[in-house]
Amino acid sequence: MCAAGRRWGRRQRALLWAVLLAAWEAAWGQLRYSVPEEMPKGSFVGDVAKDLGLQLTEIRDNAVRVVSESTTQYFALHGKTGHLVTAERIDREQLCRLVEKCVLRCELIVEGQMQVYGIEVEITDINDNAPSFRQAEKELRLSEMTALGSRFPLAEAHDPDWGQNSLQSYELSGDEHFSLAVQAGPGGDQRPELVLAKALDREEAAFHKLVLRASDGGDPARTGTARIRVTVLDANDNAPVFSQAEYTVRVPEDVPVGSTLVTVTATDADEGLNGKVKYSFHKISDRASEHFNLDSETGEITVKDDLDFEEISSHEFEVQAHDGGELSDTAKVVITVTDVNDNVPKISVRSALNEISEDAPLETVVALLHVQDRDSGENGDVRCSIDKNVPFRLEKSYEDYYRVVTARELDREQVSEYNVTVRAADGGSPALQSSAVLALRVLDVNDNAPVFLEERYSARLAENNAAGALVLTVRATDADWGQNARVRYRLAEGRVRGAPLSSYVSVQAETGALYALRSLDYEQLRELQLCVRAEDGGAPALSSNVSVRLLIVDENDNAPQVLYPAPAAAAGSGAAAAWSGVELAPRWAEAGALVAKVVAVDADAGQNAWLSYELAKATEPGLFRVGLHSGEVRTARSPLARDAARHSLLVLVRDHGRPALSATATLSVVLAESVAELLAELGSAAHEAAAPGEPAASLTRWLVLAVAAVSCLFVAFLLLLLALRLRRCHRQQLLPPDSGALRGVPVSHFVGIDGVRAFLQSYSHDVSLTADSRKSHLRFSAASCCDTLPARPPPDEPAPLLGDGDPAGALPADPASVPSGRAPGAGAGAEPRPKPGPVERGHAVAAVSRRRLRVSLLAGAERRWSRRRRRRRVLPPQAARSAGAGHSGSGTASSSSRSERRREAARRAGCV
């Protein structure tokens, strides 16, 4: 019971140690798996994702991959499950012929982490090969004098499997004269020997047939056989003997093909055919038989193919010497291949970045490299180096893996791209080396603020500028790249004279051009201080400011302003105005005496505000003078008795601008000898200032009224002419000049009324008038007409078509013959008139124009008659009497025309 407990405790400790070992190996990036050989493609090897704690998303994004140094990739990573699976069928005997433990190595690269994990997969053997002999049949020649117990070595069987599946035992069958003995070789291999168990007798049996069977330890076991034919010969006393039991040779791997490596020698004491020795390979591997050749006559061993230390560094095989009597001896040959520096170090870039941010922290992994040299010793000792002028360094990662990491901060503005060269050199003599170049681009980070080209800007702008005028352009540059280097400009907040700064100037966001938004006035604003901010497009954005000083340059846009004497508009009116501009000077004043001083100012500045004075006009030239810069009015000479008492001086004040602006001041100087004379002059001046102004104002008013009246009369006359012209045009449209509608109408049918002839006859008709009388509609009926005017053709037209008589419905020429108020033919005994024919209707249509003219003439006569009656009412009695006397001859006509109009109105009423 205690023993069982101790065994269980040992198992637990062993399991614990195994778990700790696996955890330690995983922590150090080493995974170990085992898989049998000859597994189909896609077979499960191990759960890498679980063992390393990898995310399946990384595997699906191809951020994890498996690499190996061999040309054939035997393993792959399943993208969906994260399992390590076989990518090819694996044959252990082909990969590991002489190696007891067959291990395949590969690496797992995690791109995102720049991490490498080593994976070792042990390929376990399966019993897939049977033992085999190089010669399926073997012939031995033995003398019948051979002593009992003699041993003859046999060819060994070869099984490429390993361990229990390899060769385990030999069996001999077929004859009682021989038995089988198995000897253990130096390397633990089994060497079969044929032992003579019974004396041979050639007369009894000249031949003996044997079968040698080799078996492995697999389940089920596999076997291989070789047939042995023993020929019994006459006596052969001596067997060949090698000069050395073992031959050892060291040759470099670059030995030329055909070179002789060693010569084996064996001697036989017999003579003749029994003393002739021949050589052959007795026990040799397939690979050795491909590289070496043995001369059967001389025993020279030569190179048949190139040797490669990296593939096989040592070859062992046995050589057999046999004479003509089939007696033999064996010797061992060991050929050691020495390494030559014939392999250049190989640099493989397992993973590398193409871009790196300039703010990447130190020790950031840029590339993962694998460096390998297939040589050994110093020839395989590789030293790696990197350029010294780059901000990177090389450090050892895992076994033959190296990492390129950042050694100092990066700055894209100084160096935007790097070509990092990694060199590897071995320790051979001469040394071989190789290199690999890593191209790396540095990505920009917004770590530089815009910088203005000048520390401060200043500009001069003339006043009265146009709105939108360009003032200056500020410019800033950003050392960054792309969006981080895109600079935009804007004004800093501020106020000028209570208004926002943005109402005075603006800056173009893209170009930095500064524009004036309004016209600036030097007299109001002489200097403008503002701040422009430049901001890049990074996130977060960086900015810088610059001060801009805008000086307003004065222009001569203000004329001088006279303060004294005050202008006439500001002096007032009446006597006060007369007194305000009068200067007093005594007649006894000497030359140069100060009389007055003109005071003027200019709102401009500088040269534009420099004023000069000059006397432009004076009542007495030469009596006064004006100081050029002071404006003082002084006497140029002493006043004389003949000089007038009152003088008017016109002083011109001019600035020095370009062009110059000027103003004038008027001074009245009174010369007096005494106070009484002075008061008299001032009184007369006041009276002249007040009295003459009134008639002048009245005359001006009358002149304005006269001009207005004349203008109104002229306009009325023009309107009258225009109305008459329009009326004449309208009449011509109603009755064209060439119309013959009234030709042939007797004069007796018309009567003069105020100089206008009107029809005496009246007509009864329906008239439909529109805006255009030419399109009016008139309906005429001969039966219903009262005293209708007969329709007669014009003289140039042919006679009526109805015959010589008058047309039907024609009325007598004398209207008195028809009773008043009764139409012709309207009596009780009258016969009905016949219906008008086409000709009568044509006459009626032709008379429409005559009737239209009659209507318009009657209406005009009525209007003129009404106006005349109104004028007669307003005339004085004497004028009326004179007018009545002057028109006594026409009284009868007037009364008759009135009676005619009354009768016509009655007839119209009766017809209608």
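These legends describe close-up views of one predicted model.

Local features need pLDDT of at least 70, side-chain atom pairs count only at pLDDT 80 or more, and totals for chains, interfaces and linings use all residues. Residues are numbered from 1 along each chain as its sequence is written, and side-chain values use heavy atoms, with hydrogens and water left out.

**View 1. Confidence along the chain.** The average pLDDT (the predictor's confidence in each residue, from 0 to 100) is 77 for the chain. A score of at least 70 is reached by 74% of the residues. Residues 569–580 fall below 50, and this stretch has 10 contacts beyond near neighbours in sequence. A contact means heavy atoms within 4.5 Å. Residues 737–832 also stay under 50. For them the model has 118 contacts beyond four places in sequence.

View 2. Glutamate 120 and arginine 32 meet through their side chains, 3.1 Å from N to O. Glutamate 120 sits in strand S7 (residues 115–124) and arginine 32 in strand S1 (residues 30–36), so the pair ties together parts 88 residues apart in sequence. Helices (H or I, at least four residues) and strands (E, at least two) are DSSP runs, numbered from the N terminus. A salt bridge is a side-chain nitrogen of Lys or Arg within 4 Å of a carboxyl oxygen of Asp or Glu. The whole structure holds 26 of them. Glutamate 120 is buried at 14% relative accessibility; arginine 32 is partly exposed at 46%. Buried means under 20% relative accessible area, exposed over 50%, and partly exposed in between (1.4 Å probe, protein chains only).

**View 3. A loop paired with helix H5.** A salt bridge joins glutamate 311 and arginine 287 (3.8 Å, N to O). Glutamate 311 lies in the loop between strands S23 (300–303) and S24 (314–322), and arginine 287 in helix H5 (residues 286–291). Glutamate 311 is exposed at 52%. Arginine 287 is partly exposed at 22%.

**View 4. Aspartate 387 with arginine 423.** Their side chains form a salt bridge of 2.8 Å, N to O. Aspartate 387 is in the loop between strands S29 (383–386) and S30 (392–398); arginine 423 is in strand S32 (residues 417–425), 36 residues apart. Aspartate 387 is buried at 19%, while arginine 423 is partly exposed at 36%.

**View 5. Leucine 719 on helix H9.** Leucine 719 lies in helix H9 (residues 693–734). Leucine 719 is exposed, with a relative accessible area of 54%.
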